[in-house]
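Q: I am new to this structure and would like to learn to read its features one by one. Could you walk me through it?

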Amino acid sequence: MKKTIVLYKRLSDDLLGRLREQAEVIFVDTAQADGLARLRDALPHAHGLLGASLRLDSSLLDLAPQLEAVASVSVGVDNYDIADLTRRGIVLTNTPDVLTETTADTGFALILATARRVVELASWVRAGHWQGNLGPAHFGTDVHGKTLGIVGMGRIGEALVKRAAAGFGMRVVYHSRQPKPAVEALYGAACRSLDGLLEESDFVCLTVPLSAATEGLIGARELGLMKPEAILINISRGRVVDETALIEALREERIRGAGLDVFVKEPLAVDSPLLQLDNVVATPHIGSATHETRQAMARCAVDNLLCALADQRPQNLVNPQVWAMR
Ligand code: DGY
């Protein structure tokens, strides 16, 4: 008998076809008003789950006694209680690698947009304010030749270093649990304490995953260590930054600006004070959001899930202990 997969993310026809060859597929559109209720109805049948952007808490897992594997279409796994999944013997997989370059591109888009005031000045042109020559009030700040501080030196951090050092002639400092000798040798990056990095960098880019150790990592004290002309870029998770402290620092121009792709609460409320500030570029969590990369992530998740359900070790196991227990 075929196993059942509950899908809570829309897939392209070819990927859906691959799942249907191997399993019964129930699609639930969680964006619909009754989406969560429909998911609850489907969970008792599920051997596999595939989707993203849903907090899969224990009350949902309790409804899925046959569940063997969850394939997240994301690299971040902060929506899952990994210890709980592991205790229940449920495999969790994610989609690293395929989104690395695209997410680093997003980081650089935010660096350039904030430093050169691209969004603010493009809106100014549209509003008909461009009536003559620009003066210093409209100038931005250089990116090339500056110091980029990268907090977290995983795959995305490394892709940022490559762009910064090779493309923009930037000095790179980084903060990471483990020193990365290869990155230091290839790009001349230097490892720093978090405080040292904050004091030294013109751009501070956050790439760490959200965990108990990184939640609130950048608060009022850390923002206070940044140079007044420095810019904060966040492409990790909103909760890594104390958003209230950030709003204060930006309002009082204690730092130059912020490029933010992630927020404590998403979607960002339209009345968020962040949207009142000209020195903020806010994007709607587009880190990996290109056609090519989202398709590659979905393909990776499908491969992971089909492997796990066929008792083959999937490539991107988040909780390998479960596999060892089999
Ligand atoms: C990820 O894959 O974790 C990205 O943030 C998209 O959600």
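Q: Is Asp62 buried or exposed?

A: This is a predicted model. Exposed means over 50% relative accessible area. Asp62 is exposed because its relative accessibility is 52%.

Q: Which residue forms a salt bridge with Asp62?

A: Start from the general idea. Side chains of opposite charge can pair when their charged atoms come close. Here the partner of Asp62 is Arg88, and their closest N and O atoms are 2.9 Å apart. The two residues sit in distant parts of the chain, 26 residues apart. Asp62 is in the loop between α3 (58-61) and β4 (69-72). Arg88 is in the loop between α4 (82-87) and β5 (91-93). Arg88 counts as partly exposed, at 31% relative accessibility.

Q: How many salt bridges are there?

A: The count comes to 21. Take the one between Arg171 and Glu200, with an N to O distance of 2.5 Å. This pair also links distant parts of the chain, 29 residues apart. Arg171 belongs to strand β7 (residues 171-175), and Glu200 to helix α9 (residues 194-200). Both residues are partly exposed: Arg171 at 42% relative accessibility, Glu200 at 21%.

Q: Which residues do salt bridges with shared partners join into one network?

A: Asp62, Asp84, Arg87 and Arg88.

Q: Where do Arg237 and Asp78 lie in the chain?

A: First the contact itself. Their side chains meet in a salt bridge of 3.0 Å, N to O. Arg237 lies in the loop between β10 and α11, and Asp78 in the loop between β4 and α4, so the pair ties together parts 159 residues apart in sequence. Asp78 counts as partly exposed, at 24% relative accessibility.

Q: Which residues surround the ligand?

A: Arg237 turns up again here. The ligand is surrounded by Ser74, Val75, Gly76, Leu99, Arg237, His285, Ser288 and Met297. Sort this shell by class: three residues are nonpolar, four are polar and one is charged.

Q: What is the phi of His285?

A: The phi of His285 is near 50 degrees, which is positive in a residue other than glycine. His285 lies in the loop between β12 and α12 (291-309). With a relative accessible area of 29%, His285 is partly exposed.

Q: Where does Glu253 lie?

A: In the loop between α11 and β11. Glu253 is exposed, with a relative accessible area of 60%.

Q: Which residues of helix α11 are buried?

A: Begin with the geometry. An α-helix has 3.6 residues a turn, so residues three or four places apart point the same way. Helix α11 covers residues 243-251, and its buried residues are Glu243, Ala245, Leu246, Ile247, Ala249 and Leu250. They pack against α10 (220-225), β10 (231-234), β11 (257-260) and β12 (280-282). At the start of α11, a side-chain oxygen of Asp242 comes within 3.1 Å of the backbone nitrogen of Thr244.

Q: Is Arg163 buried or exposed?

A: A residue counts as buried under 20% relative accessible area. Arg163 counts as buried because its relative accessibility is 17%. Arg163 is part of helix α7 (residues 155-168). Its side chain makes a polar contact of 2.8 Å with the side chain of Asp105. Leaving out residues up to four places away in sequence, Arg163 touches Glu101, Ala104, Asp105, Phe108 and Phe168.

Q: Is the peptide bond from Glu266 to Pro267 cis or trans?

A: Read the omega angle. Omega is near -5 degrees, and the bond is cis. Pro267 is found in the loop between β11 and β12.

Key. Residues numbered from 1 in each chain as written. Predicted model: local features only at pLDDT ≥ 70, side-chain atom pairs only at ≥ 80, totals over all residues. Heavy atoms only, no water. Near = heavy atom within 4 Å. Nonpolar A, V, L, I, M, F, W, Y, C, P; charged D, E, K, R; others polar. Buried < 20%, exposed > 50% of the residue type's maximum accessible area, 1.4 Å probe, protein only. Helix = DSSP H or I, 4+ residues; strand = E, 2+ residues; numbered from the N terminus. Contact = heavy atoms within 4.5 Å. Polar contact = N/O pair within 3.5 Å; in protein donor to acceptor, adjacent residues only side chain to side chain. Salt bridge = Lys/Arg side-chain N within 4 Å of Asp/Glu carboxyl O.
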